[in-house]
Amino acid sequence: MLVSALMVGCTMSQPHNANPIDPRHHVDKRCFSSLSYDAPDKQRNPALLAEYLWTAVPGNATIQDCGRSCCGDWSCLAFALYESNIPTQCQTNSSFTKCCAFLDGIAPPINHTIEGRATGVRAFLPSKVPANVPNSTYITADIEPTMILGVDGDEFPTTWGSDGLQYSGAGDNQQPQTSTKPGSNSPLSFFKIAAGTPNEMSCSKVPGQSPYEPSCKNMTLQGNPIVVNSPAALSQCPKWFGHDIANVKSSSVISIKGQLYWAVSCFNYGDDPVFNRQRYGPAWLISSSDFGVTFNQSATPTNMFPDRLAAPRFIQFGRDNSLAKDGFVYVYFPCTNGNAAFFENNDMILLGRVPEDSILMIDKYEYYMGKQADGSVVWTTDSTIAQPIWEHPLMTSVQQVNYHPELDRYIFANWAWISMDGNPRPDHTGDETWGRTVRQRTQLLLVEAPNPWGPFSIFYRNDNWKAADGSRGGYTPVFPPAWMKEKYLAMVSTQCCGFARSPSYNFNPTNNYNFLIQNVTLRKL
């Protein structure tokens with residue numbers, strides 16, 4: 001619980017014991033000038049129960065003072081100052097005669113309903129982009145906000161198999177019971193995508209099931225719903241919500257010469273002391289020769305990719321890797337300066353490569369370490385001295401990279417969860433009442449480059465990425481390679497976990513915790 005007093009003309013500051021910094025109470029000075037105050041005959045609807053923190057304040061406090069204090073708490077989206085009808089939470093301090101309340105949602109203004117109550121709101125401030133990464137002069141893009149709904153789950157890295165179908169791994173998914181198969185819950189499952197286009201998923205809600213668990217004729221479960229549960233995985237990874245099941249996430253999947261290689265990673269739901277980011281690692285590869293019906297769980301040791309290599313993302317080179325240019329498989333590693341890899345809000349990306357016939361052999365991997373004076377790339381087998389190809393501190397999250405043959409470009413989506421002020425705010429960071437963020441906001445950057453190592457340019461930016469229904473908090477966007485065309489992409493992502501303090505308060509509409517498809521239109525400049 002926040003322990004800090006609101007002072008007239010001041011803002012809440014870092015708690016005295018914050019080490020190294022408490023990001024929730026970071027004050028971005030841009031917030032002060034972005035505050036807006038409702039007209040005297042209007043106020044934010046008090047019936048929607050979005051208030052969560054009440055502070056007794058002196059009689060000379062103003063609505064502007066209350067707003068400036070709201071800038072010191074990233075859970076605060078709006079604010080209210082009571083000059084009368086003081087809430088009970090502020091009545092314990094008889095020396096203060098007013099009350100400043102924080103709201104964790106922005107309700108529409110209504111006609112004045114509580115005498116002596118004034119309200120205001122914060123603005124969504126612009127975020128930042130990586131230093132020295134310009135806007136693209138080659139392509140630009142538009143994203144259709146309407147989403148096509150697929151199966152339940154998240155992450156969904158997707159490859160194009162030798163049989164012409166696509167294959168994807170999903171984390172934390174629930175599949176509905178049907179007339180021919182039982183329902184299932186799993187930390188990690190594998191799917192076949194038979195749809196020729198994104199519009200052919202043929203998904204429908206099953207009566208009696210959660211709205212997030214549709215049944216899809218053209219996206220179906222392959223094999224056992226719990227794919228990875230070997231003794232080695234159980235000894236390496238945390239347990240999934242206390243079950244005797246290894247908690248693993250789907251990092252990447254690639255098809256090479258008819259074989260599927262799936263990178264899976266141990267996972268926890270937050271242990272980073274500052275941001276409580278969700279940690280990967282270690283990661284390893286499992287393989288399948290029957291398109292994911294069964295997997296060889298011991299294809300590699302479970303500690304194949306440790307520490308900052310624990311989130312491997314293979315570059316997709318078309319159907320069955322057939323467009324690979326030099327016989328190498330390339331792989332991105334989003335990671336931190338602290339030798340770790342997190343699910344979200346990392347610092348940078350490393351680049352590795354391996355001969356395609358040696359993908360299971362970690363000692364055959366090489367890592368980018370820069371360029372020589374003549375522009376040639378230097379590789380090393382020592383991952384500890386690898387150099388980043390991309391840096392965006394606390395704002396780097398990449399799920400998949402694709403080679404686009406018509407454009408002759410490498411394309412990926414970088415996403416980051418951010419605060420109202422546009423600063424990093426990962427999903428599992430603390431909230432005033434809840435143990436995690438309940439009001440996600442996502443920055444989405446679409447990035448292109450002529451080489452796997454760059455130079456990079458941004459061809460689409462949205463600091464408030466959301467769906468047509470207003471839902472937001474999207475993450476892990478990928479481009480299924482079979483759905484990439486010269487002027488068109490299909491982008492798959494997931495939304496998760498925003499909810500309201502009251503059933504009547506609907507700041508974050510439907511959580512689309514699914515395989516979500518958005519159409520992307522490309523234009524050359």
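The legends below describe an overview and several close-up views of one predicted model.

**Figure 1. Overview of the chain.**
Residues are numbered from 1 along each chain as its sequence is written. In this predicted model, local features need pLDDT of at least 70 and side-chain atom pairs count only at pLDDT 80 or more, while totals for chains, interfaces and linings use all residues; side-chain values use heavy atoms, with hydrogens and water left out. The chain has three helices and 31 strands. Helices (H or I, at least four residues) and strands (E, at least two) are DSSP runs, numbered from the N terminus. The chain has 525 residues, and 57% of them count as buried. Buried means under 20% relative accessible area, exposed means over 50%, and partly exposed lies in between, with a 1.4 Å probe and protein chains only. The chain exposes about 20000 Å², of which carbon and sulfur atoms supply 51%. These areas come from the Shrake-Rupley method with a 1.4 Å probe, and for residues only the protein chains shown count as cover. Among contacts with a separation of 6 or more, 67% are between residues 24 or more positions apart. A contact means heavy atoms within 4.5 Å.

**Figure 2. Confidence along the chain.**
The predictor's confidence in each residue is the pLDDT, which runs from 0 to 100. Its mean over the chain is 87, and 88% of the residues reach 70 or more. Residues 1-16 have pLDDT below 50, and this stretch has 41 contacts in the model beyond near neighbours in sequence. Residues 500-509 also stay under 50, with 35 contacts in the model beyond four places in sequence.

**Figure 3. The segment around V27 and R30.**
V27 lies in the segment before α1 (30-34). At a relative accessible area of 22%, V27 is partly exposed. V27 and S69 are 42 residues apart along the chain, and their C-alpha atoms are separated by 9.1 Å. The side chains of R30 and D28 form a salt bridge, with 3.0 Å from N to O. A salt bridge is a side-chain nitrogen of Lys or Arg within 4 Å of a carboxyl oxygen of Asp or Glu. R30 counts as partly exposed because its relative accessibility is 35%, whereas D28, with 11%, is buried. The charged end of R68 sits over the ring of F32, 4.1 Å from the ring centre. A charge sits over a ring if NZ of Lys or CZ of Arg is within 6 Å of the ring centre and within 35 degrees of the ring normal.

**Figure 4. Two edge-to-face aromatic pairs.**
The whole structure holds 34 aromatic pairs. Rings of Phe, Tyr and Trp (its six-membered ring) pair if their centres lie within 6.5 Å; planes under 30 degrees apart count as stacked, over 60 as edge-to-face and the rest as tilted. F305 and Y365 are edge-to-face because their planes are at 85°, with ring centres 5.6 Å apart. F305 lies in the loop between β18 (280-288) and β19 (313-316), and Y365 in the loop between β21 (346-355) and β22 (366-371), so this pair ties together parts that are 60 residues apart in sequence. F305 and Y365 are both buried. F317 and Y410 also pair edge-to-face, at 5.9 Å centre to centre and 80° between the planes. This pair links distant parts of the chain, 93 residues apart: F317 is in the loop between β19 and β20 (328-335), and Y410 is in strand β26 (residues 409-417). Both F317 and Y410 are buried.

Side chains of opposite charge can pair when their charged atoms come close. The structure has 15 salt bridges. In one of them, the side chains of R523 and D142 meet at 2.3 Å, N to O. R523 lies in strand β31 (residues 514-524) and D142 in strand β8 (residues 139-143), so the pair ties together parts that are 381 residues apart in sequence. R523 is partly exposed at 38% relative accessibility, and D142 is partly exposed at 41%.

The side chains of K249 and D172 meet in a salt bridge of 3.1 Å, N to O. K249 is in strand β16 (residues 248-256) and D172 in strand β11 (residues 166-175), 77 residues apart. K249 counts as buried at 2% relative accessibility, and D172 counts as buried at 13%. Salt bridges that share partners join D154, D172 and K249 into one network. K249 also lies over the face of F267, at 5.2 Å from the ring centre. F267 belongs to an aromatic cluster with W240, F241, Y269, Y280, F343, W415, W417 and Y475.
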